[in-house]
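The sequence and model are shown below.

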Amino acid sequence: MRVDFYQLSRDPAAKVVPLLARATAKAGERLLVVSDDAAQLQGISDALWDQGGGSFLANGLTGAGHEDRQPALLSNTMEARNGAKYCALADGKWRDQADGFARVFLLFGDANLTEARACWRMLDGHEDMERNFWKQEGGQWTKAA
């Protein structure tokens, strides 16, 4: 399992999730995007649909139907009805069910920094666990740990 911590300092989750979704699709995988904030999920969905230049990333919200066909499924639960092996925790909250995914992206801002650090320590020493910590510096993502 791989967990990537993304500290959002400049861009909100709605700008970062499309980058992760595009990379996930390129890897031939599906993505589950989880947040307890319905407005955040809608904003992410809008951002996925409107990639500019006529480009879009297909996605759907849990409960809207055809969940099993969605390359990116947005939900308030950890149930990957689309068969996703990758999960983005867009609201910055770690969920214990994340250990069922091959790769997890934990997106968090300054408000969730303490919780993210606690999560980093909690996952330390887990067998078969790779952790990476990314932060935005000057418009670029750099690996901090």
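The model is predicted: local features need pLDDT of at least 70, side-chain atom pairs count only at pLDDT 80 or more, and totals for chains, interfaces and linings use all residues. Residues are numbered from 1 along each chain as its sequence is written, and side-chain values use heavy atoms, with hydrogens and water left out.

**Strand S1**

Helices (H or I, at least four residues) and strands (E, at least two) are DSSP runs, numbered from the N terminus. Buried means under 20% relative accessible area, exposed over 50%, and partly exposed in between (1.4 Å probe, protein chains only).

Two strands pair if DSSP finds at least two bridges between them. S1 runs parallel to strand S6 (residues 103-108), to which 6 bridges join it. With strand S7 (residues 130-137), S1 also pairs in the parallel sense, over 6 bridges. Val-3 can be followed into both partners: its bridge partner in S6 is Val-104, and in S7 it stands opposite Arg-131.

**Cysteines**

A disulfide is a covalent bond between the sulfur atoms of two cysteines. Here a disulfide is counted when a pair of cysteine sulfur atoms lies within 2.5 Å. By this rule the count is 0 disulfides.

| Cysteine | Closest cysteine sulfur | Relative accessible area |
|---|---|---|
| Cys-87 | Cys-119, 12 Å | 0% |
| Cys-119 | Cys-87, 12 Å | 4% |

The sulfur of Cys-87 is too far from that of Cys-119 for a bond. Cys-87 is buried, and Cys-119 is buried too.
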